[in-house]
Amino acid sequence: MIEKIGNIIKEKDSFLIVSHKNPDGDAIGSSLALYSALKDMGKNVQVVNLTKPPEVYSFLEDYDIIEPIKTMKKTDVIIAVDTAEIERCGIKKEDTKDKIFINIDHHKTNTLFGDINFIDGDASAVGIMLWRIFKQNGIAISKKTAQYLYVSIMTDTGSFRYSSTTPETMRIAADLLEIGVDPWFCAYNIYESNTLETIKLLGLVLNTLQVFIDGKIAILYVTEDMFKKTATQIEHSEGFVNYARSIRGAEVGILLREDRHNVFKISMRSKGKIDVARAASVFGGGGHKNAAGAQIEGTLEEVKTKIIDSFSFLK
Ligand code: 5GP
Ligand code: MN
(Lines give C-alpha, C1' and ligand atoms only; values in the text may rest on other atoms or scores of the structure.)
(Ligands and ions follow the chains in the order given, each with its own letter.)
Protein backbone atom coordinates (compact mmCIF):
# COMPACT_ATOMS: atom_id res chain seq x y z
CA MET A 1 0.00 0.00 0.00
CA ILE A 2 2.70 2.47 1.06
CA GLU A 3 4.80 1.58 -2.01
CA LYS A 4 1.76 1.87 -4.28
CA ILE A 5 1.03 5.37 -3.00
CA GLY A 6 4.74 6.25 -3.35
CA ASN A 7 4.72 5.16 -6.98
CA ILE A 8 1.67 7.27 -7.77
CA ILE A 9 3.28 10.28 -6.10
CA LYS A 10 6.44 9.78 -8.15
CA GLU A 11 4.70 9.12 -11.49
CA LYS A 12 1.83 11.61 -11.52
CA ASP A 13 2.07 15.34 -12.05
CA SER A 14 -0.80 17.15 -10.43
CA PHE A 15 -2.38 16.64 -7.01
CA LEU A 16 -5.38 17.99 -5.15
CA ILE A 17 -5.20 17.62 -1.37
CA VAL A 18 -8.32 17.83 0.72
CA SER A 19 -9.34 17.18 4.32
CA HIS A 20 -12.43 17.39 6.51
CA LYS A 21 -14.41 20.59 7.04
CA ASN A 22 -13.61 22.67 10.14
CA PRO A 23 -10.07 21.31 9.89
CA ASP A 24 -8.10 20.63 13.05
CA GLY A 25 -4.34 20.49 13.53
CA ASP A 26 -4.06 17.02 12.04
CA ALA A 27 -6.13 17.94 8.98
CA ILE A 28 -4.13 21.13 8.38
CA GLY A 29 -0.73 19.71 9.33
CA SER A 30 -1.10 16.61 7.18
CA SER A 31 -2.54 18.56 4.21
CA LEU A 32 0.38 21.02 4.33
CA ALA A 33 2.99 18.30 4.91
CA LEU A 34 1.85 16.53 1.75
CA TYR A 35 1.75 19.86 -0.09
CA SER A 36 5.26 20.77 0.99
CA ALA A 37 6.80 17.37 0.17
CA LEU A 38 5.11 17.21 -3.25
CA LYS A 39 6.12 20.81 -4.08
CA ASP A 40 9.73 19.90 -3.23
CA MET A 41 9.39 17.15 -5.86
CA GLY A 42 8.34 19.77 -8.44
CA LYS A 43 4.68 18.69 -8.57
CA ASN A 44 1.62 20.84 -9.18
CA VAL A 45 -0.30 20.84 -5.94
CA GLN A 46 -3.48 22.50 -4.75
CA VAL A 47 -4.82 22.26 -1.19
CA VAL A 48 -8.53 22.88 -0.66
CA ASN A 49 -10.97 22.76 2.24
CA LEU A 50 -14.68 23.35 2.74
CA THR A 51 -13.89 25.79 5.57
CA LYS A 52 -11.27 28.43 6.16
CA PRO A 53 -8.68 26.98 8.55
CA PRO A 54 -8.65 28.48 12.07
CA GLU A 55 -6.50 31.58 12.38
CA VAL A 56 -4.43 29.91 15.13
CA TYR A 57 -2.64 27.98 12.37
CA SER A 58 -1.71 31.14 10.43
CA PHE A 59 1.86 30.92 11.81
CA LEU A 60 2.41 28.05 9.37
CA GLU A 61 4.24 29.37 6.32
CA ASP A 62 1.83 27.86 3.78
CA TYR A 63 -1.37 28.65 5.69
CA ASP A 64 -2.51 31.02 2.94
CA ILE A 65 -2.25 28.47 0.12
CA ILE A 66 -5.30 26.57 1.44
CA GLU A 67 -8.12 27.51 -0.91
CA PRO A 68 -11.90 27.14 -0.79
CA ILE A 69 -13.00 23.85 -2.33
CA LYS A 70 -14.99 25.59 -5.06
CA THR A 71 -11.72 26.73 -6.66
CA MET A 72 -10.73 23.10 -7.30
CA LYS A 73 -8.55 22.81 -10.43
CA LYS A 74 -7.98 19.91 -12.86
CA THR A 75 -5.79 17.22 -11.36
CA ASP A 76 -4.44 13.68 -11.89
CA VAL A 77 -4.75 12.61 -8.28
CA ILE A 78 -6.98 13.57 -5.36
CA ILE A 79 -5.71 12.78 -1.87
CA ALA A 80 -8.05 13.01 1.13
CA VAL A 81 -6.37 13.06 4.54
CA ASP A 82 -7.94 12.63 8.01
CA THR A 83 -11.40 12.25 6.47
CA ALA A 84 -13.60 9.39 7.71
CA GLU A 85 -16.44 9.96 5.24
CA ILE A 86 -16.28 11.52 1.77
CA GLU A 87 -19.17 13.90 2.63
CA ARG A 88 -17.01 15.55 5.30
CA CYS A 89 -14.48 16.81 2.76
CA GLY A 90 -16.91 18.05 0.12
CA ILE A 91 -15.55 15.92 -2.74
CA LYS A 92 -18.26 14.20 -4.75
CA LYS A 93 -17.81 10.82 -6.35
CA GLU A 94 -18.22 12.43 -9.81
CA ASP A 95 -15.30 14.82 -9.06
CA THR A 96 -13.05 11.74 -8.86
CA LYS A 97 -13.90 10.34 -12.31
CA ASP A 98 -10.78 9.65 -14.45
CA LYS A 99 -8.61 10.50 -11.46
CA ILE A 100 -6.86 8.42 -8.84
CA PHE A 101 -8.54 9.00 -5.49
CA ILE A 102 -6.34 8.20 -2.49
CA ASN A 103 -7.79 8.06 1.03
CA ILE A 104 -5.25 8.32 3.88
CA ASP A 105 -6.85 8.22 7.32
CA HIS A 106 -6.70 6.93 10.89
CA HIS A 107 -10.41 6.78 11.76
CA LYS A 108 -11.45 3.17 12.43
CA THR A 109 -14.87 4.05 10.99
CA ASN A 110 -13.45 5.20 7.61
CA THR A 111 -15.88 4.24 4.84
CA LEU A 112 -13.12 3.30 2.33
CA PHE A 113 -14.41 5.77 -0.26
CA GLY A 114 -11.15 6.03 -2.23
CA ASP A 115 -9.78 3.99 -5.14
CA ILE A 116 -6.84 3.39 -2.83
CA ASN A 117 -7.47 3.32 0.92
CA PHE A 118 -4.57 3.51 3.36
CA ILE A 119 -6.27 3.33 6.76
CA ASP A 120 -4.55 2.71 10.09
CA GLY A 121 -6.96 3.05 13.00
CA ASP A 122 -4.07 2.73 15.45
CA ALA A 123 -1.99 5.59 14.03
CA SER A 124 -2.09 8.50 16.47
CA ALA A 125 -2.32 11.04 13.62
CA VAL A 126 -2.32 11.08 9.84
CA GLY A 127 1.10 12.76 10.15
CA ILE A 128 2.47 9.39 11.33
CA MET A 129 1.13 7.68 8.19
CA LEU A 130 2.59 10.38 5.93
CA TRP A 131 5.97 9.98 7.66
CA ARG A 132 5.88 6.27 6.77
CA ILE A 133 4.93 7.08 3.16
CA PHE A 134 7.76 9.63 2.84
CA LYS A 135 10.42 7.51 4.58
CA GLN A 136 9.62 4.20 2.90
CA ASN A 137 9.53 5.79 -0.57
CA GLY A 138 12.66 7.92 -0.18
CA ILE A 139 10.69 11.18 -0.39
CA ALA A 140 12.65 14.07 1.15
CA ILE A 141 11.35 15.62 4.38
CA SER A 142 12.43 19.27 4.61
CA LYS A 143 12.39 21.23 7.85
CA LYS A 144 9.11 22.82 6.75
CA THR A 145 7.50 19.46 5.94
CA ALA A 146 8.75 18.16 9.29
CA GLN A 147 7.12 21.07 11.10
CA TYR A 148 3.77 20.33 9.46
CA LEU A 149 4.04 16.66 10.42
CA TYR A 150 4.91 17.67 13.98
CA VAL A 151 1.83 19.93 14.20
CA SER A 152 -0.34 17.07 12.96
CA ILE A 153 1.05 14.65 15.55
CA MET A 154 1.28 17.09 18.47
CA THR A 155 -2.33 18.24 18.11
CA ASP A 156 -3.93 14.82 17.55
CA THR A 157 -2.11 13.20 20.48
CA GLY A 158 -3.07 16.05 22.84
CA SER A 159 0.61 16.99 22.98
CA PHE A 160 1.72 13.36 23.33
CA ARG A 161 -0.66 12.62 26.22
CA TYR A 162 -3.35 10.38 24.73
CA SER A 163 -3.15 6.59 24.82
CA SER A 164 -2.70 6.66 21.03
CA THR A 165 0.85 7.88 21.76
CA THR A 166 3.15 4.92 21.08
CA PRO A 167 6.91 4.41 21.04
CA GLU A 168 6.67 4.93 17.24
CA THR A 169 4.94 8.29 17.81
CA MET A 170 7.77 9.40 20.08
CA ARG A 171 10.49 8.10 17.74
CA ILE A 172 8.97 9.94 14.78
CA ALA A 173 8.61 13.10 16.90
CA ALA A 174 12.27 12.77 17.88
CA ASP A 175 13.26 12.39 14.22
CA LEU A 176 11.24 15.51 13.38
CA LEU A 177 13.15 17.43 16.05
CA GLU A 178 16.42 16.10 14.57
CA ILE A 179 15.35 17.61 11.25
CA GLY A 180 15.04 20.95 13.00
CA VAL A 181 11.47 21.37 14.23
CA ASP A 182 11.18 23.74 17.19
CA PRO A 183 8.59 22.14 19.54
CA TRP A 184 8.10 25.24 21.65
CA PHE A 185 7.46 27.39 18.57
CA CYS A 186 4.63 25.03 17.54
CA ALA A 187 3.19 24.70 21.07
CA TYR A 188 3.51 28.43 21.73
CA ASN A 189 1.59 29.40 18.60
CA ILE A 190 -1.14 26.81 19.08
CA TYR A 191 -1.64 26.69 22.87
CA GLU A 192 0.00 29.77 24.38
CA SER A 193 -1.29 32.55 22.13
CA ASN A 194 -4.99 32.81 23.00
CA THR A 195 -6.60 36.16 22.37
CA LEU A 196 -8.15 38.01 25.29
CA GLU A 197 -11.54 37.51 23.60
CA THR A 198 -11.06 33.73 23.58
CA ILE A 199 -10.38 33.66 27.32
CA LYS A 200 -13.46 35.86 27.93
CA LEU A 201 -15.50 33.37 25.91
CA LEU A 202 -14.02 30.54 27.99
CA GLY A 203 -15.19 32.34 31.14
CA LEU A 204 -18.77 32.40 29.87
CA VAL A 205 -18.61 28.76 28.79
CA LEU A 206 -17.14 27.49 32.10
CA ASN A 207 -20.11 29.13 33.85
CA THR A 208 -22.46 26.74 32.03
CA LEU A 209 -20.92 23.61 33.56
CA GLN A 210 -23.34 20.93 34.71
CA VAL A 211 -22.65 17.34 35.72
CA PHE A 212 -24.96 14.35 35.44
CA ILE A 213 -25.06 10.65 36.38
CA ASP A 214 -22.99 11.02 39.57
CA GLY A 215 -20.57 13.36 37.86
CA LYS A 216 -19.68 10.87 35.14
CA ILE A 217 -20.95 13.22 32.42
CA ALA A 218 -19.85 16.87 32.38
CA ILE A 219 -21.53 19.22 29.93
CA LEU A 220 -20.58 22.72 28.80
CA TYR A 221 -22.29 24.79 26.15
CA VAL A 222 -21.55 27.81 24.01
CA THR A 223 -24.27 29.87 22.36
CA GLU A 224 -24.35 32.24 19.39
CA ASP A 225 -24.98 35.01 21.88
CA MET A 226 -21.73 34.23 23.77
CA PHE A 227 -19.74 34.39 20.52
CA LYS A 228 -21.39 37.73 19.74
CA LYS A 229 -20.80 39.16 23.23
CA THR A 230 -17.08 38.37 23.10
CA ALA A 231 -16.55 39.11 19.37
CA THR A 232 -15.35 35.54 18.78
CA GLN A 233 -16.10 32.82 16.25
CA ILE A 234 -16.70 29.10 16.33
CA GLU A 235 -12.97 28.36 15.98
CA HIS A 236 -12.25 30.08 19.30
CA SER A 237 -14.13 27.42 21.28
CA GLU A 238 -11.76 24.71 20.00
CA GLY A 239 -10.44 22.71 22.94
CA PHE A 240 -13.00 23.97 25.50
CA VAL A 241 -14.48 20.47 25.71
CA ASN A 242 -11.25 19.37 27.39
CA TYR A 243 -12.20 21.37 30.52
CA ALA A 244 -15.32 19.21 30.90
CA ARG A 245 -13.31 16.03 30.44
CA SER A 246 -10.62 17.18 32.87
CA ILE A 247 -12.91 17.03 35.92
CA ARG A 248 -12.09 14.24 38.37
CA GLY A 249 -14.72 11.51 38.11
CA ALA A 250 -15.99 12.70 34.73
CA GLU A 251 -15.82 9.87 32.22
CA VAL A 252 -17.21 11.90 29.35
CA GLY A 253 -16.79 15.62 28.68
CA ILE A 254 -19.21 17.25 26.27
CA LEU A 255 -19.41 20.64 24.60
CA LEU A 256 -22.61 21.72 22.87
CA ARG A 257 -21.93 24.47 20.36
CA GLU A 258 -24.85 26.40 18.90
CA ASP A 259 -24.02 26.77 15.22
CA ARG A 260 -27.47 28.00 14.21
CA HIS A 261 -30.77 28.47 16.00
CA ASN A 262 -31.64 25.02 17.42
CA VAL A 263 -28.73 23.31 15.64
CA PHE A 264 -25.92 22.12 17.91
CA LYS A 265 -22.52 20.71 17.10
CA ILE A 266 -21.62 18.19 19.81
CA SER A 267 -18.04 17.42 20.80
CA MET A 268 -17.50 14.44 23.09
CA ARG A 269 -14.30 13.38 24.83
CA SER A 270 -13.77 10.35 27.05
CA LYS A 271 -10.78 9.38 29.09
CA GLY A 272 -11.55 5.80 30.00
CA LYS A 273 -13.21 2.84 28.40
CA ILE A 274 -16.24 4.66 27.06
CA ASP A 275 -16.42 4.72 23.28
CA VAL A 276 -17.76 8.15 22.36
CA ALA A 277 -17.58 7.37 18.63
CA ARG A 278 -20.34 4.88 19.23
CA ALA A 279 -22.30 7.42 21.26
CA ALA A 280 -21.88 9.98 18.44
CA SER A 281 -22.99 7.47 15.80
CA VAL A 282 -26.40 7.28 17.51
CA PHE A 283 -26.82 10.89 16.32
CA GLY A 284 -25.36 10.30 12.86
CA GLY A 285 -21.85 11.44 13.81
CA GLY A 286 -18.60 9.60 14.39
CA GLY A 287 -14.94 9.96 15.28
CA HIS A 288 -12.55 8.01 17.51
CA LYS A 289 -13.10 6.05 20.74
CA ASN A 290 -11.96 8.97 22.91
CA ALA A 291 -12.94 11.93 20.68
CA ALA A 292 -16.05 12.16 18.59
CA GLY A 293 -18.69 14.55 17.35
CA ALA A 294 -22.10 14.91 15.79
CA GLN A 295 -24.75 17.45 14.95
CA ILE A 296 -28.09 17.42 16.80
CA GLU A 297 -31.17 19.56 16.21
CA GLY A 298 -33.44 20.85 18.97
CA THR A 299 -33.47 23.37 21.77
CA LEU A 300 -30.55 23.39 24.18
CA GLU A 301 -32.57 21.50 26.82
CA GLU A 302 -33.83 18.92 24.30
CA VAL A 303 -30.34 18.26 22.99
CA LYS A 304 -28.93 17.96 26.50
CA THR A 305 -31.63 15.47 27.46
CA LYS A 306 -31.08 13.38 24.33
CA ILE A 307 -27.36 13.14 25.06
CA ILE A 308 -27.75 12.33 28.76
CA ASP A 309 -30.30 9.64 27.84
CA SER A 310 -27.83 8.11 25.39
CA PHE A 311 -25.43 7.58 28.30
CA SER A 312 -28.05 6.01 30.59
CA PHE A 313 -26.00 2.79 30.56
CA LEU A 314 -23.60 4.59 32.95
CA LYS A 315 -26.24 4.74 35.68
P1 5GP B 1 -14.37 17.53 17.29
O2 5GP B 1 -15.20 17.31 18.50
O3 5GP B 1 -13.01 18.03 17.62
O4 5GP B 1 -15.06 18.35 16.26
O5 5GP B 1 -14.20 16.12 16.60
C6 5GP B 1 -13.63 15.02 17.25
C7 5GP B 1 -13.60 13.85 16.32
O8 5GP B 1 -14.92 13.51 15.92
C9 5GP B 1 -12.83 14.05 15.03
O10 5GP B 1 -12.12 12.85 14.78
C11 5GP B 1 -13.87 14.29 13.97
O12 5GP B 1 -13.45 13.78 12.76
C13 5GP B 1 -15.07 13.55 14.51
N14 5GP B 1 -16.32 14.29 14.24
C15 5GP B 1 -16.66 15.49 14.72
N16 5GP B 1 -17.88 15.87 14.27
C17 5GP B 1 -18.32 14.87 13.48
C18 5GP B 1 -19.53 14.65 12.71
O19 5GP B 1 -20.45 15.48 12.66
N20 5GP B 1 -19.59 13.49 12.00
C21 5GP B 1 -18.59 12.56 12.05
N22 5GP B 1 -18.75 11.45 11.33
N23 5GP B 1 -17.48 12.72 12.75
C24 5GP B 1 -17.33 13.86 13.46
MN1 MN C 1 -6.84 13.11 12.88
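A residue is buried under 20% relative accessible area, exposed over 50% and partly exposed in between, with a 1.4 Å probe and protein chains only. At 6% relative accessibility, Thr198 counts as buried. Thr198 sits in helix H7 (residues 196-206); helices (H or I, at least four residues) and strands (E, at least two) are DSSP runs, numbered from the N terminus. The side chain of Thr198 makes a polar contact with the side chain of Thr195, at 2.8 Å. A polar contact is a pair of N or O atoms within 3.5 Å; within protein, one must be able to donate a hydrogen and the other to accept it, and residues adjacent in sequence count only if both atoms are side-chain atoms.

This is a predicted model: local features need pLDDT of at least 70, side-chain atom pairs count only at pLDDT 80 or more, and totals for chains, interfaces and linings use all residues. Residues are numbered from 1 along each chain as its sequence is written, chains are lettered from A and ligands numbered from 1 in the order in which they are written, and side-chain values use heavy atoms, with hydrogens and water left out.

Asp82, in the loop between strand E4 (77-81) and strand E5 (100-105), and Asp156, in helix H4 (residues 143-156), are 74 residues apart. Asp82 is buried, with a relative accessible area of 2%.

**The site of ligand 1**

The shell around ligand 1 has 14 residues; the closest are Glu85, His107, Lys265, Ser267 and Arg269. A residue is near a molecule if one of its heavy atoms lies within 4 Å of it.

| Residue | Protein atom | Atom of ligand 1 | Distance |
|---|---|---|---|
| His107 | polar side-chain atom | oxygen | 3.0 Å |
| Ser267 | side-chain N or O | oxygen | 2.6 Å |
| Gly286 | backbone N or O | nitrogen | 3.2 Å |

Taken alone, ligand 1 exposes 490 Å², and the protein buries 83% of that. Accessible areas come from the Shrake-Rupley method with a 1.4 Å probe. Strand E12 gives the largest share of the shell, 4 residues. Domain 1 (2-191) and domain 2 (196-314) both give residues to this shell, so ligand 1 lies between them. Domain bounds come from an automatic or database domain assignment.
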